[in-house]
Amino acid sequence: EQSGNVNNIPVASINSSVIYYDRITKKYMNYLNGAWSEVDKGRMQKILDDKAYIDMPNNSSFDFLNPRQVFFGISLSFKI
């Protein structure tokens, strides 16, 4: 989650499982044990390489639907 300054985030709204990007220091920060710490560069590179920040819903039935539809029918017309 992007933040202007991680020190301005209220403690009550901080989620310890979220990685915050501090725009002022240009670092990825994590809030652990009541203090801010920089996320390990190796861990952050793996997250960026795997694109773990993309939250794709777990609805696998809609992931790869084929939108093609084929209809067969008969058209009848009567002249009276």
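1. Pairing of β3 with β4. In β4, W36 is the bridge partner of Y31. The two strands, β3 and β4 (residues 35-38), run antiparallel and share four bridges. They make a hairpin, with two residues between them. N33 sits in that turn and has a positive phi of about 55°. The model is predicted, so please read every value here as computed from it.

2. Pairing of β2 with β3. Strand β2 covers residues 20-22 and strand β3 covers residues 27-32. Their pairing is also antiparallel, over three bridges. Y20 has M29 of β3 as its bridge partner. These strands form a hairpin as well, here with four residues between them. K26 lies in the turn, and its phi is positive at about 55°.

3. The sheet as a whole. Strands of a sheet pair through backbone hydrogen bonds, either parallel or antiparallel. Here four strands make an open sheet, ordered β1-β2-β3-β4, with mixed pairing. β1 (2-3) and β4 are the edge strands, and each of them pairs on one side only. The two hairpins described above take in β2 with β3 and β3 with β4.

4. Overall make-up. The protein chain contains four strands and one helix. In sequence order the pattern is β-β-β-β-α. The chain has 80 residues, and 18% of them are buried. Among contacts with a separation of 6 or more, 10% join residues 24 or more positions apart. The accessible surface is about 7,400 Å². Carbon and sulfur atoms account for 54% of that surface.

5. The largest pocket. Rolling a probe the size of a water molecule over the atoms shows where empty space is left. The largest pocket holds about 200 Å³ of space. Its lining includes E1 and Q2, then I19, Y20 and Y21, and also Y28. M44, I47 and L48 belong to the lining too, as do A52 and Y53. By class, the lining residues are nine nonpolar, one polar and one charged.

6. Who supplies the lining? Which element gives the most to the lining of the largest pocket? Helix α1 does, with three residues. Both β2 and α1 (41-50) supply at least two residues each. Y20, already noted as the bridge partner of M29, is one of the lining residues.

7. Y53. This residue is found in the segment after α1. Is Y53 buried or exposed? Y53 counts as exposed, because its relative accessibility is 53% and the cut-off for exposed is over 50%. Setting aside neighbours within four places in sequence, Y53 is in contact with I47 and L48.

8. K41. This lysine is found in helix α1. Its relative accessible area is 62%, so K41 is exposed. K27 is 14 residues from K41 along the chain. Their C-alpha atoms are separated by 9.7 Å. K27 falls in strand β3, which spans residues 27-32, so the K41 to K27 spacing relates the helix to that strand.

9. N7. The loop between β1 and β2 holds N7. How exposed is N7? N7 is exposed, with a relative accessible area of 58%. D22 is 15 residues from N7 along the chain. Their C-alpha atoms lie 9.0 Å apart. D22 belongs to strand β2, which spans residues 20-22.

Key:
Residues numbered from 1 in each chain as written. Predicted model: local features only at pLDDT ≥ 70, side-chain atom pairs only at ≥ 80, totals over all residues. Heavy atoms only, no water. Pairing = 2+ DSSP bridges. 1 Å grid on protein atoms, 1.4 Å probe; cavity = no way out; pocket = protein on both sides within 12 Å on 5 of 7 lines; lining within 4 Å. Points joined across faces, edges and corners; volume = space filled by probe spheres on them. Nonpolar A, V, L, I, M, F, W, Y, C, P; charged D, E, K, R; others polar. Buried < 20%, exposed > 50% of the residue type's maximum accessible area, 1.4 Å probe, protein only. Contact = heavy atoms within 4.5 Å. Areas by Shrake-Rupley, 256 points an atom, 1.4 Å probe, with all protein chains shown as cover.
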